[in-house]
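Here is a short note to read alongside the model you have open. Take the points in order, and find each part in the viewer as you go.

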Amino acid sequence: EKDRKLSREEIITTMKENTLFSWNPTEAAANKALVMEKGEGVFFYDTNGKKYIDFNSQAMCSNLGHTVPEEVIKAVDQQLRSAAYAYPCAIVTPIKARLSKLLADIFPGDINHFYYVSGGAEANETAMRMVRLFTGRHKILARYRSYHGATLGAMTLTGDPRRWNSEPGASGVVHFMDPYPLSFKWGDNEEEIAQNSLKYLREVIDYEGAKNIAAIFLESVTGTNGILRPPKGYLEGVRQICDETGILMVCDEVMNGFGRTGEMFGFMNSKEVVPDIVTMAKGINGAFLPLGAVGCRDRVADHFKKNPIGIGSTYNSHPVTLASAYAALEYMLKNRVLDNVKTLEPVLKSLLEGLKSRHPTVKGFRSIGLFGTVELQKNSKGEPFIPFNGPPHPAITQLQEEVSKNGLYTLFRWSSFFTNPPLVITESELRYGFDILDKCLTNLDKHFEK
Ligand code: PLP
């Protein structure tokens, strides 16, 4: 019985009878779910052998695709055989030393100190604890167009509506708007946008009192909330405000870290900016095992050399996950995965441009590296099929179903969808995915009102 192949129906029935889904009501989510039986390269296959190209790297995390490099398998196997687990408060492992040195080499500036957890939310939770202990201040600023994770603190940091279910949440978090509000513009060009949104941020800080604010958390390139790269000068401006006020700058690199944007970290697109603390997960090991981390600069680490960090967990610094990260990062560096992202960045842009030129329902797109999103419109007034946090629209539901039927998996969010393939994708695979999108958008165009 153990070796019998389960049918899709059996699997979905068990999902409904014996599991609960994240975020969405279980029944509806289970009914829509794809079954992944096998992953290979940038593709995965369901129980019937149907092939899907992965255009969202699952949760923007399977950056090395679905074939685990032999080096990673070997490293994990060896770690399991040598030291599978070590109590993090009292016992250290050679792999923890090796990975920490490698990360210190990879990170710019004096981000030399690393603390390991099990995922992105926990990394942000840890950073929240650190900034409060380091500064002795309580408040934390974060942005509305953001996602930082699902634990209480990280969820409170989060600006998007996923926060609402956990309200009132943790105390002390104040949200502010980023350079790209939904309904108005801070200016007509990048510089004006950057300067006006910084002016507004300064004003928020004045109202809250700089001496009460421990940190500003931000995604250096916003992920699920719209693939938004900061306008020129914005991150530099935030850095300057932080320097003037003693507020710590925390960059959430969970989604955009480790190459997604074409630079090793999203903040490196803004030359010269070095955050005080960086949180990371996902791409740190291609999501082959659950791992997150917090990195910090020397002066922050100096504090915690003498004072407790005030947090810990059983799976902190789990040696097997660390081994997977070390091997995955070595693989990334050896195989020049970043170069592949840089090479394909203009190809992705031109493919997105092609969709826009051919489909009236494509309002626009944004992309950086292999991080892309397409915004859809239902009419020539530019109105979205689904407004911010609005209910499903039948035309978008149909598009989603068609995309899936045609063998492409990606994430849809309201009136947009993402093009975030594994960073190891080839140009022909990228074009293959866009051919599917092209075909399906032709049907969506029938719903366009002139
Ligand atoms: N921060 C960002 C920017 C993310 O995109 C995510 C997840 O999508 C998280 C934090 C939370 O990470 P995790 O789901 O590993 O807790």
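1. Start with the ligand. In this predicted model, 16 residues surround the ligand, and the closest are Gly 119, Gly 120, Ala 121, Gly 149 and Val 254. A residue is near a molecule if its C-beta atom, placed from the backbone, lies within 6 Å of it. By class, this shell has 6 nonpolar, 8 polar and 2 charged residues. Here Ala, Val, Leu, Ile, Met, Phe, Trp, Tyr, Cys and Pro count as nonpolar, Asp, Glu, Lys and Arg as charged, and the others, Gly among them, as polar. Helix H6 (residues 120-135) gives the largest share of the shell, 3 residues. Helices (H or I, at least four residues) and strands (E, at least two) are DSSP runs, numbered from the N terminus.

2. A word on reading the model. Residues are numbered from 1 along each chain as its sequence is written. As the model is predicted, local features need pLDDT of at least 70 and side-chain atom pairs count only at pLDDT 80 or more, while totals for chains, interfaces and linings use all residues.

3. Next, the domains. The chain is divided into domain 1 (34-67 + 336-445) and domain 2 (70-334), with bounds that come from an automatic or database domain assignment. The C-alpha centres of domain 1 and domain 2 lie 26 Å apart. Their contact takes 23 residues from domain 1 and 24 residues from domain 2; two residues are in contact if their C-beta atoms, placed from the backbone, lie within 7 Å. On the side of domain 1 that touches domain 2, at least two residues each come from helix H3 (57-60), helix H12 (337-358), strand S11 (362-368) and strand S12 (371-376). H12 gives the most to that side, with 5 residues. By class, that side of domain 1 has 11 nonpolar, 8 polar and 4 charged residues.

4. Now a pair of helices. Two packed helices are described by the angle between their axes and the distance between the axes. Helix H5 (residues 94-106) and helix H11 (residues 319-334) pack at an angle of about 40 degrees, with axes 9 Å apart. Axes are lines fitted to C-alpha atoms, for helices over the stretch in contact, and angles run from 0 to 180 degrees between N-to-C directions. H5 and H11 are therefore oblique to each other: under 35 degrees counts as roughly parallel, over 145 as roughly antiparallel, 65 to 115 as roughly perpendicular and the rest as oblique. The crossing of H5 and H11 is left-handed, meaning that the near helix is turned anticlockwise from the far one by less than a right angle; clockwise would be right-handed. The residues that meet include Leu 99 and Leu 102 in H5 and Leu 322 and Leu 329 in H11. By class, this contact has 10 nonpolar, no polar and 2 charged residues.

5. H11 has another partner to look at. The axes of helix H4 (residues 70-82) and H11 come within 8 Å and cross at roughly 155 degrees, which makes H4 roughly antiparallel to H11. Their crossing is right-handed. Among the residues in this contact are Val 72 and Val 76 of H4 and Ala 323 and Ala 327 of H11. The contact residues of H4 with H11 divide into 11 nonpolar, 2 polar and 2 charged.

6. Finally, two backbone details to check. Most residues other than glycine have a negative phi, and most peptide bonds are trans. Which bond joins Glu 167 and Pro 168? A cis peptide bond does, with omega about 15 degrees. Pro 168 sits in the loop between helix H7 (152-157) and strand S6 (173-176). Ile 227 has a phi near 45 degrees, a positive value in a residue other than glycine. The place of Ile 227 is in the loop between strand S7 (213-219) and helix H9 (234-245).
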